[in-house]
Structures are given as structure tokens and as C-alpha cells.
Amino acid sequence: IRGVNYFVPCDAACSKEQDVKKHCLDIGWVLCELEKIPGIPKIVIFDACRDAPFDSSWKLTAHSMEQMVMPVNTKLVFSATAGQTASDGKQGASHSPFTVSLLEHLFQGGVSASQAI
């Protein structure tokens, strides 16, 4: 919204733009906070759709995520490619297909997080 990307909780009640700042988390702020942690690699994982779940009358600069500048030594991982939405998986499943695969690969012996992603 207006050039800002947000983490939107599944249960966020955002009926107007002003609700977004109250109920959602500015991704740029999160990335700035991560940048303050020196010397270690950071990974941000988005297991979510990349489309804007907001009313079409809002002042959206895009209907998907805006491009972001990543802090040094930070990797951003999405469960869906640009313009696509992520699958929630089967009804009643604990995790999405993306998370199932990620967890399977992250906990393999001898594989770094960067390689698993």
C-alpha cells in the first residue's frame, strides 16, 4: 500500500487502509531491524501469497509485493514466484506444501540452511 509491503496476519481485520498500520507489520521495518545485527547471515521466509488481500479501491501501487532492497547478508525466500499465489495445501493440513518441503530439507544432516532453500 503506497509503496510499503506488509506482513498481513491471516486473521487481520483490515477494512480500511488505516487498519493496516495497526494490524500488520511493515516488512521494511523488519529488514531495517535485521540490518542492525552485524556479521551473521539472515534469512526471511515468506510462506504466503504475494497478492494484495485488500479492497480494490485502496491506493495500491501494485497488486503484489513491491520490490525491496535487501540488507547485506540477507536472503529473502518466497513460497510463490512473483505474480503467483502459494498453495495452502490440503484441508486440515498443519503446514503448506512449501513449509513441508522446507522443513524436510532444513533438517537433513550436512545441509546448510542456504543450501536447503
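1. A residue counts as buried when its relative accessible area is under 20%, as exposed when that area is over 50%, and as partly exposed in between. T74 has a relative accessibility of 14%, and it is therefore classed as buried. The model under discussion is a predicted one, and the values below should be read with that in mind.

2. As to overall architecture, the chain contains four helices and four strands. Starting at the N terminus, these elements follow the order β-α-β-α-β-β-α-α. The chain has 117 residues, of which 26% are buried. Among contacts in the chain with a separation of 6 or more, 53% are between residues 24 or more positions apart.

3. The largest nonpolar core deserves attention next. This core is made up of seven residues, namely I27, V30, L31, L34, V44, F46 and M68. Helix α2 (27-35) and strand β3 (42-46) each contribute at least two of its residues. The greatest contribution is that of α2, with four residues.

4. With neighbours within four places in sequence left aside, V44 is in contact with F7, L31, L34, T74, K75, L76 and V77. Two of these partners, L31 and L34, are also listed in the largest nonpolar core.

5. T74, the buried residue of the opening point, belongs to strand β4, which covers residues 74-78. Which residues does T74 contact, once its neighbours within four places in sequence are left aside? They are K42 and V44. Strand β3 spans residues 42-46, so both partners fall within the range given for that strand, under the rule that strands are DSSP runs.

6. S114 is located in helix α4, residues 113-116. Although S114 and K42 are 72 residues apart along the chain, their C-alpha atoms are separated by 9.9 Å. Is S114 buried or partly exposed? Its relative accessible area is 43%, and S114 is therefore partly exposed.

7. On the surface, I43, I45 and I117 form a nonpolar patch. Together these three residues have about 210 Å² of accessible area. I43 is located in strand β3. With a relative accessible area of 37%, I43 is partly exposed.

8. Side chains of opposite charge can pair when their charged atoms come close. How many salt bridges are counted in this model? The count is two. In one of them, D19 pairs with K16, and the closest N and O atoms are 3.5 Å apart. D19 is buried, at 8% relative accessibility, whereas K16 is partly exposed, at 43%.

9. The salt bridge between E33 and K36 has its closest N and O atoms 2.8 Å apart. E33 is partly exposed, with a relative accessible area of 30%. K36 has a relative accessible area of 60% and is therefore exposed.

Terms used. Residues are numbered from 1 along each chain as its sequence is written. This is a predicted model: local features need pLDDT of at least 70, side-chain atom pairs count only at pLDDT 80 or more; totals for chains, interfaces and linings use all residues. Side-chain values use heavy atoms; hydrogens and water are left out. A nonpolar core is a set of buried Ala, Val, Leu, Ile, Met, Phe, Trp, Tyr and Cys residues joined through side-chain atoms within 4.5 Å. Buried means under 20% relative accessible area, exposed over 50%, partly exposed in between (1.4 Å probe, protein chains only). Contact means heavy atoms within 4.5 Å. Patches are made of residues with over 30% relative accessible area and no salt bridge: like charges are joined within 9 Å, nonpolar side chains (Val, Leu, Ile, Met, Phe, Trp, Tyr) within 5 Å. Accessible areas come from the Shrake-Rupley method with a 1.4 Å probe; for residues, only the protein chains shown count as cover. A salt bridge is a side-chain nitrogen of Lys or Arg within 4 Å of a carboxyl oxygen of Asp or Glu.
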